[in-house]
Amino acid sequence: MMTQHDTKALIDGAKAVLDANWMGASTKPAPRLYPHQWSWDAAFIAIGYARYDQARAESELRTLFEAQWSNGLVPQIVFNPTASGYFPGPDAWGLRDDPRIPAGKLTSGIVQPPVHATAALHVYRHATDEPRARAFLTDLYPKLRAWHDYLYRERDPGREGLVFVRHPWESGMDNSPLWDAALARINPAPDEIPPYERKDTGHVDPADRPLKADYDRYYYLMVLFQRLGYDEARIAQECPYLIQDVLFNSLLCRGDRDLAEIALLLGDDPAPLAERAEATAAAINAKLWDEAAGLYLDYDLANAERIPAAVAGGFSPLFAGVPDGARAERLYALLNSPAFARLDESVYPVPTYSRQAPDYSPNRYWRGPIWINLNWLIYHGLRDYGRHDYAARVRGAVIDLVAHQGYYEYFNPENGRGHGTDSFSWTAALLIDLLADL
Ligand code: 9WN
């Protein structure tokens, strides 16, 4: 249990991490490993700033949306032109001076999960200066709508109410076991990818990061998008990796609901947005629920098959009000089991992957370790469903873990040890938010 004094030290420490990573108008995820602005990081970071610095919270999201493409795409990375030390940098995407990108901006050509409407509403709700926050929402609202419109227009060719990701980095869970089968079908010939040099393994322990085989495929897909001129229709036809991911779609569904709330606040009609949320919720229930597993599972669209991996993202429909009572009970049972977190006696938060899977890997990135953003989403989902006992366990376990280990990027679920980079912004930001959430 944390004392008052510990709590203050923890908040001060978290603010110091964010101060050190602040770049003047936005925040980098970590000092050396991630020296640019990332899309879903920006949303989580704004959620933390919302609790103590409205101006920075607004600036974080405004800066990201200043780099929004003309078709509505919100890029995974907005590059800091003065930073180096990250691969792939701006030139690897072949997008310099692309007419779809606002002049003077450098971005990647993929997206990340749509947490932004949720973050914007959170910033508004915790603002100390309401008129200023209303102006912020007014400016962001059309951009958020264009972002969701892009996803439904370009990423849902079958008009199912479910959108696809076309690169593992778009999911935010880069080397998740979810992608193994789809990526194994991609076997680039040596001349299909130019030579490249990774930078990540120079900053952190290579044993914590994705493998070279993963990076070859990440790069192959980037080269494919360039060859197709980032034409979404052609990509949907030709890309060998197209996945309807549970986490991405749940965040979109929750984002639609939050966007409807923003519409209401601003005097616009929320009905079309709320209807879209319902359609996506229904599609998640119809296509992604797996009765035998008692969990929501991803769907591999390019190969027309369900992906059987039991990952923490499978619980995220709770965050979007998707499961009915019976399905929610199945989710609680799996969550509170040796495969995940034993919430009736919990020591550590929820890991990314079932601890009983044969290829569970407690130190390697998204193949086992605990990530704070997923636990934040699960905490809120449990709370929204009235499961306050488990919600309190998740919250308490996250706070204790960070208090004892530091503001790491991810943590080993067996011994709690921190891995990846330290001074990780969303760990700090979400901790501030959780501590404020009494
Ligand atoms: C690729 C910045 C990002 C996070 C992702 C996390 C990691 C990048 C990388 O870092 O991905 O986007 O180079 O590994 O997987 O979720 O947004 O923190």
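**Close-up 1. Tyrosine 365 in the loop between H13 and H14.** Tyrosine 365 sits in the loop that runs between helices H13 and H14, where helices (H or I, at least four residues) and strands (E, at least two) are DSSP runs numbered from the N terminus. The model is a predicted one, in which local features need pLDDT of at least 70 and side-chain atom pairs count only at pLDDT 80 or more, while totals for chains, interfaces and linings use all residues. Residues are numbered from 1 along each chain as its sequence is written, and side-chain values use heavy atoms, with hydrogens and water left out. The phi angle of tyrosine 365 is near 55°, a positive value in a residue other than glycine. With a relative accessible area of 3%, tyrosine 365 is buried; buried means under 20% relative accessible area, exposed over 50%, and partly exposed in between (1.4 Å probe, protein chains only).

**Close-up 2. Arginine 342 in the loop between helix H13 (325-335) and helix H14 (372-384).** Arginine 342 has a phi near 45°, which is a positive value in a residue other than glycine. Its relative accessibility of 30% makes arginine 342 partly exposed.

Close-up 3. The ligand is surrounded by 16 residues, of which the closest are Asp41, Tyr86, Gly172, Asp174 and Tyr365; a residue is near a molecule if one of its heavy atoms lies within 4 Å of it. By class, this shell holds 10 nonpolar, 3 polar and 3 charged residues, with Ala, Val, Leu, Ile, Met, Phe, Trp, Tyr, Cys and Pro counted as nonpolar, Asp, Glu, Lys and Arg as charged, and the others, Gly among them, as polar.

Close-up 4. A polar side-chain atom of tyrosine 34 lies 3.3 Å from an oxygen atom of the ligand, and for tryptophan 38 the corresponding distance from a polar side-chain atom to a ligand oxygen atom is 3.0 Å. In the side chain of glutamine 112, an N or O atom is 3.0 Å from an oxygen atom of the ligand. Taken alone the ligand exposes 410 Å², and the protein buries 100% of that, with accessible areas from the Shrake-Rupley method and a 1.4 Å probe.

**Close-up 5. Helix H2, residues 39-49.** Because 11 of the 11 residues of helix H2 are buried, this helix is largely enclosed by the rest of the structure. Among the buried residues of H2 are Trp40, Asp41, Phe44, Ile47 and Tyr49.

**Close-up 6. The cis peptide bond at proline 88.** Phenylalanine 87 and proline 88 are joined by a cis peptide bond, with omega at about 0°. Proline 88 is found in the loop between strand S2 (77-78) and helix H4 (116-125).

**Close-up 7. Polar contacts of arginine 198.** Arginine 198 lies in the loop between helix H7 (180-184) and helix H8 (200-203), and at 16% relative accessibility it counts as buried. The side chain of arginine 198 makes a polar contact with the side chain of aspartate 200 (2.8 Å); a polar contact is a pair of N or O atoms within 3.5 Å, and within protein one must be able to donate a hydrogen and the other to accept it, while residues adjacent in sequence count only if both atoms are side-chain atoms.
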